[in-house]
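Dear colleague,

Please find below the structure I wished to pass on to you. I should be grateful if you would look through it alongside the notes that follow.

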Amino acid sequence: MSITPVEAGCVSVSAGHYNGYALRVDGSIAVWGDASHGQVTLAPLGGGFVAVAAGAYHAYALRADGTILAWGRDLEGQVSRTPRYGGFTSIASGDYHGYAVGPAVPEPSTVVLGLLGLTAVMVVRKSRSGANQ
């Protein structure tokens with residue numbers, strides 16, 4: 001188990017079960033807590049991240065280029081089924097799942113709200129009048 005960091009310069013924080021993640025101003029991620037499923041030891045090094053989201057025993061990090069990195073326990077495919085394409089603008093996580101908002105393929109005006117780790121994807125399309133369909 002690693003100890004909670006005491007430092008300035010963090011812009012957001014996310015908590016999993018017995019572990020935590022903080023996004024630093026420089027785009028790097030501070031991690032601490034239980035590492036029994038790789039949720040701490042497999043965390044990415046370096047910067048370039050704009051968001052971090054913790055699940056129970058896994059986590060997601062959103063890069064500035066819109067790609068998502070996942071690590072930790074892959075019990076329900078939370079890590080292995082994470083999209084490998086970019087264009088995402090936001091991420092969130094629950095205990096054993098995650099969400100991402102980004103452009104749909106192939107229509108750039110479509111927004112995808114996908115359930116990471118599962119095959120369900122909800123597509124919200126804007127009609128020409130601007131209403132959601």
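The notes below cover confidence, then the sheet, then the aromatic side chains.

Please bear in mind that this is a predicted model. The mean pLDDT of the protein is 80, and 73% of the residues score at least 70. Confidence is highest in strand 4 (residues 49-54), with a mean of 97, and lowest in strand 10 (residues 121-124), with a mean of 42. Over residues 118-127 the pLDDT is below 50, although the model gives this stretch 28 contacts beyond near neighbours in sequence. Residues 106-115 likewise stay under 50, with 35 contacts beyond four places in sequence. Where pLDDT is low, the predicted coordinates should not be read in detail.

Three strands, in the order 4-5-6, make up an open sheet with antiparallel pairing. Strand 4 and strand 6 (68-72) form its edges, each pairing on one side only. From one strand to the next, the twist averages 20 degrees. Five bridges join strand 4 to strand 5 (residues 58-63), and Ala 54 has Ala 59 of strand 5 as its bridge partner.

The whole structure contains two aromatic pairs. One of them joins Tyr 21 and Trp 71: the ring centres are 5.8 Å apart and the planes stand at 75 degrees, so the pair is edge-to-face. Because Tyr 21 belongs to strand 2 (residues 19-24) and Trp 71 to strand 6, this pair ties together parts that are 50 residues apart in sequence. Tyr 21 and Trp 71 are both buried. Elsewhere, Arg 73 places its charged end over the ring of Tyr 57, at 5.9 Å from the ring centre.

With kind regards

Notes. Residues numbered from 1 in each chain as written. Heavy atoms only, no water. pLDDT = per-residue confidence, 0-100. Helix = DSSP H or I, 4+ residues; strand = E, 2+ residues; numbered from the N terminus. Contact = heavy atoms within 4.5 Å. Pairing = 2+ DSSP bridges. Axes fitted to C-alpha atoms, helices over the stretch in contact; angles between N-to-C directions. Phe/Tyr/Trp six-rings, centres within 6.5 Å; stacked < 30°, edge-to-face > 60°. Buried < 20%, exposed > 50% of the residue type's maximum accessible area, 1.4 Å probe, protein only. Lys NZ or Arg CZ within 6 Å of the ring centre and 35° of its normal.
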